Amino acid sequence: MTETVIDRVRKVMDAASFTQAAFAERVGLSPDKLSKSLSGVRRFSSLDLARIAEATDTTVDYLLSGREPVRPRAAARPAGTVTEGAGWAEIEAIACRFQNAYDVLELLGRPRSIPNLPAPRPELERYVDQGERLAADLTEHLARRGAGSPAGMDLPALIRLLADHCGIDVALVEFPPQAALSGATWQSDAFRIVLLATTQEWTRARFTLAHEVGHLLARDAQDLRADAAPQPGRQKDYTEVRANVFAAHFLMPEAEVRVAWERTVTDPQAPTDAELSELVVTLKVSPSALAARLHRLGLLDTARRDRFRGFTTEICHVLAGRLDDHYRHRAESAVVRPPLVPMAELLAAYEAGETTLRPLAAYLDRTVDDLRAIVEPARAARPLPEDEKGDPVFQP
């Protein structure tokens with residue numbers, strides 16, 4: 001006999017060890033409505049199924065189709081940093097919280113738009129060449145869409161660029177300190193997401209973001225992939241090398257670096273500390289990353305490269321007279337923030353009466369009452385949508 005939605009709801013109820021009355025209360029239904037739905041007299045609405053999935057730690061897709069939930073698994077954990085006892089459960093919980101929002105939006109007919117992005121060129125055997133080519137291909141993709149260059153963008157602008165033109169959502173989150181992570185990424189047919197650790201080292205946040213995008217383009221993140229701080233030139237994992245090369249070329253394209261060099265440096269044979277510091281401010285990268293890139297392009301000799309690597313981003317901003325910019329960038333990378341596109345869609349669905357505040361509250365890791373206190377005073381009072389509203393999602 002074919003298993004039905006009702007069968008699967010009963011199965012997750014039994015697995016959660018709820019009484020029918022307790023389960024009804026947990027998912028916001030009256031016992032009578034739940035009883036009628038389980039007997040086939042009343043249809044489960046899309047909102048009912050979203051609440052049931054949330055309460056039983058499953059997905060709406062499973063309740064509708066029987067396909068087992070695709071949950072994040074450890075893929076390419078950085079050696080010695082992430083173990084089962086070092087915060088991995090918390091990291092997976094963060095990823096699942098965002099995934100649940102994509103599931104709800106899909107159910108509500110508001111799926112995340114996912115444009116096609118460049119993929120590795122099979123004819124390129126070296127990982128270094130693949131990373132460089134992926135950066136060029138993504139830059140061309142952005143140019144075709146009329147988007148700006150990522151070179152010199154601050155972190156919020158770079159996040160908006162990736163969300164609007166690549167369908168890549170970016171969250172700034174607080175990872176468990178014991179995990180020692182700077183970023184993680186995961187993609188499926190329905191979403192692409194990057195999790196960045198909050199930090200005051202804002203140049204590292206930008207480079208880590210580009211590094212994780214490199215993993216996405218290379219299809220390294222079919223499962224949740226967690227990374228420690230990228231270490232260009234020091235990593236032996238070829239997928240990490242490729243992601244680092246991608247990040248360097250994406251954030252510091254050769255043509256734009258050369259233009260900035262010619263505009264800033266008076267004597268190419270002897271660039272001053274102030275001039276190199278101005279390039280750090282312009283390109284918004286660390287002195288170490290800039291020195292390595294300039295050296296590879298033949299613009300900086302080995303001695304000056306090694307010397308400038310010892311500078312800090314803060315000192316460079318002092319020398320350039322732009323310390324206020326440095327503190328602003330630090331603040332931007334140190335604050336927790338969820339991906340904005342799913343959040344806006346969940347709020348729009350609530351405004352349209354398609355759902356309650358529960359999915360948005362779960363997405364933001366807030367209580368419904370806390371969120372209502374923020375949202376409701378900003379508009380005229382109106383009744384919450386009834387459980388029966390919305391199109392039926394199946395016929396028993």
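Gly353 follows helix 17 and has a positive phi, near 75 degrees. Helices (H or I, at least four residues) and strands (E, at least two) are DSSP runs, numbered from the N terminus. The model is predicted: local features need pLDDT of at least 70, side-chain atom pairs count only at pLDDT 80 or more, and totals for chains, interfaces and linings use all residues. Residues are numbered from 1 along each chain as its sequence is written, and side-chain values use heavy atoms, with hydrogens and water left out.

**Helix 17**

- Helix 17 spans residues 340-351, twelve residues in total.
- From its first C-alpha to its last, helix 17 reaches 16 Å, close to the 16 Å expected at 1.5 Å a residue; the expected span is 1.5 Å times one less than the number of residues.
- Pro342, Leu346, Ala349 and Tyr350 are the buried residues of helix 17, where buried means under 20% relative accessible area, exposed over 50%, and partly exposed in between (1.4 Å probe, protein chains only).
- These residues lie on the same side of helix 17 because they cover an arc of only 100 degrees around the axis; the arc is that of the directions from the helix axis to the C-beta atoms.
- An α-helix has 3.6 residues a turn, so residues three or four places apart point the same way.
- The partners against which the buried residues of helix 17 pack are helix 6 (88-107), strand 1 (168-173), helix 18 (358-364) and helix 19 (368-375); contact means heavy atoms within 4.5 Å.

**Arg305**

- Arg305 is located in helix 14, which comprises residues 302-309.
- With a relative accessible area of 17%, Arg305 is buried.
- Leaving aside residues up to four places away in sequence, Arg305 touches Ala291, Ala292, His295 and Leu300.
- A polar contact of 3.4 Å joins the side chains of Arg305 and His295. Such a contact is a pair of N or O atoms within 3.5 Å; within protein, one must be able to donate a hydrogen and the other to accept it, and residues adjacent in sequence count only if both atoms are side-chain atoms.

**Cysteines**

- The count of disulfides, defined as pairs of cysteine sulfur atoms within 2.5 Å, comes to zero.
- Cys166 is buried, at 0% relative accessibility.
- Cys316 is buried as well, with a relative accessible area of 0%.

**The chain overall**

- The chain contains 19 helices and four strands.
- Of the 396 residues in the chain, 51% are buried.
- Among contacts in the chain with a separation of 6 or more, 69% are between residues 24 or more positions apart.
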